[in-house]
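Please look at the sequence and the model shown below, and keep both at hand while you read.

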Amino acid sequence: ILFVVMMLNSCEFFEGSSHIDADDPNIEYIGRFDFSNPKSVRFDWPGVQIRIRFEGTSCSVKLIDGNNDYNIFIDGKLHKILRTNSDSIYVLANGLPNKVHSLLITKRTEALFGLATFEGFILDGGKDLVKSVELIKKKRRIEFVGDSYYTGFGSDGDSPDCVFSRETENSYLSFGPQLARKLNAEYSIVAISGSGAVKNYGDSLRTSEYPLPHYYNRACFNDTLLWDFKQWQPDAVVVRLGRNDYWQKPHPKREMFRTAYLKLIKDIRKNYPDTHIFALCSPMRKDPHCDYINSIVNE
């Protein structure tokens with residue numbers, strides 16, 4: 001048994017197979033990725049997607065991770081949940097009918113769990129990727145900016161009291177991606193659980209050193225590389241921030257929150273001059289952030 005496991009985890013097991021590099025033009029990336037090394041593409045934001053159409057009966061992925069989980073959709077149906085470990089190659093599907101299949105990988109977990117590096121796919125010998133036409137139909141693009149509302153914190157939990165964990169987090173079921181699918185839109189998520197416009201959940205001071213706007217311009221949360229906003233211009237940006245700011249005392253003062261929130265909105269407008277911006281608030285608790293956001297929008 002040990003010998004078989006060692007073989008499954010070794011590149012020799014895939015000799016004779018078709019190796020597809022990460023820079024293959026038939027691989028579609030949706031969301032923020034770091035393409036500094038096109039053969040080793042890095043990412044960490046929740047909900048990022050990798051999509052292909054492939055020939056043959058099997059597909060494996062070359063992925064260096066160990067901390068994140070992924071939804072694996074084959075031919076439009078959830079095939080499995082991939083929970084990464086110390087391996088660098090994962091079998092996504094085998095024993096499929098010998099024809100062209102669609103594969104969609106969506107990242108369930110958020111950036112707090114760490115960076116991942118994608119290095120390509122492995123297919124049956126002699127098989128290749130097929131050019132996809134699926135995304136041509138998706139004429140809308142939406143960017144979601146915010147907190148656990150978008151990361152999917154606990155969306156696969158047994159109750160509202162479940163603790164923060166990779167097993168219960170599934171950004172695919174969060175509000176943003178569900179809305180995007182209703183509208184047949186591509187989506188990108190820039191969100192961190194517990195984050196605020198100026199104060200994060202659990203911090204003891206009125207303001208936090210690193211709230212969500214600190215990371216907004218990054219290609220990856222866990223790296224300082226700046227994102228090139230020209231790569232992907234959304235039709236709409238939906239911002240949902242403020243509830244964590246006023247979850248616990250001491251609360252940020254009114255001008256602290258207004259200044260930080262207004263700067264974020266102006267940054268979004270600068271990067272997306274023609275985009276509709278929706279500023280959401282969460283009136284589920286009696287705190288002032290909804291009034292503050294309304295006044296900022298009116299201003």
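Which residues of α3 are buried? Before the answer, a word on what is shown: this is a predicted model, in which local features need pLDDT of at least 70 and side-chain atom pairs count only at pLDDT 80 or more, while totals for chains, interfaces and linings use all residues. Residues are numbered from 1 along each chain as its sequence is written, and side-chain values use heavy atoms, with hydrogens and water left out.

The buried residues of α3 are G176, P177 and A180, where buried means under 20% relative accessible area, exposed means over 50%, and partly exposed lies in between (1.4 Å probe, protein chains only). These residues sit on the same side of α3, because they cover an arc of only 90° around the axis, the arc being that of the directions from the helix axis to the C-beta atoms.

N184 is partly exposed, with a relative accessible area of 34%, and its phi is near 55°, a positive value in a residue other than glycine. Most residues other than glycine have a negative phi, and most peptide bonds are trans. D75 also has a positive phi, of about 55°, although it is not a glycine, and D75 is found in the loop between β6 (69–74) and β7 (77–83). As for the peptide bonds, the one from K249 to P250 is cis, with omega near 0°, and P250 belongs to the loop between β14 (236–240) and α4.

The helix α4 (residues 254–271) contains I268, which is buried, with a relative accessible area of 0%. What does I268 contact, leaving aside its neighbours within four places in sequence? With contact meaning heavy atoms within 4.5 Å, the partners of I268 are Y216, V237, V239 and I277. I268 and V239 are 29 residues apart in sequence, and their C-alpha atoms are 9.8 Å apart in space. In strand β9 (residues 99–107) we find T106, which counts as buried because its relative accessibility is 1%. Apart from neighbours within four places in sequence, T106 is in contact with V48, Q49, D69, Y70, N71, F73 and Y172.

Rings of Phe, Tyr and Trp (its six-membered ring) pair if their centres lie within 6.5 Å, and planes under 30 degrees apart count as stacked, over 60 as edge-to-face and the rest as tilted. A search of the whole structure finds 24 aromatic pairs. One of them is the tilted pair of Y149 and Y150, with 5.8 Å from centre to centre and 50° between the planes. Y149 counts as partly exposed because its relative accessibility is 36%, whereas Y150, at 0%, counts as buried.

Definitions and conventions. Helix = DSSP H or I, 4+ residues; strand = E, 2+ residues; numbered from the N terminus.
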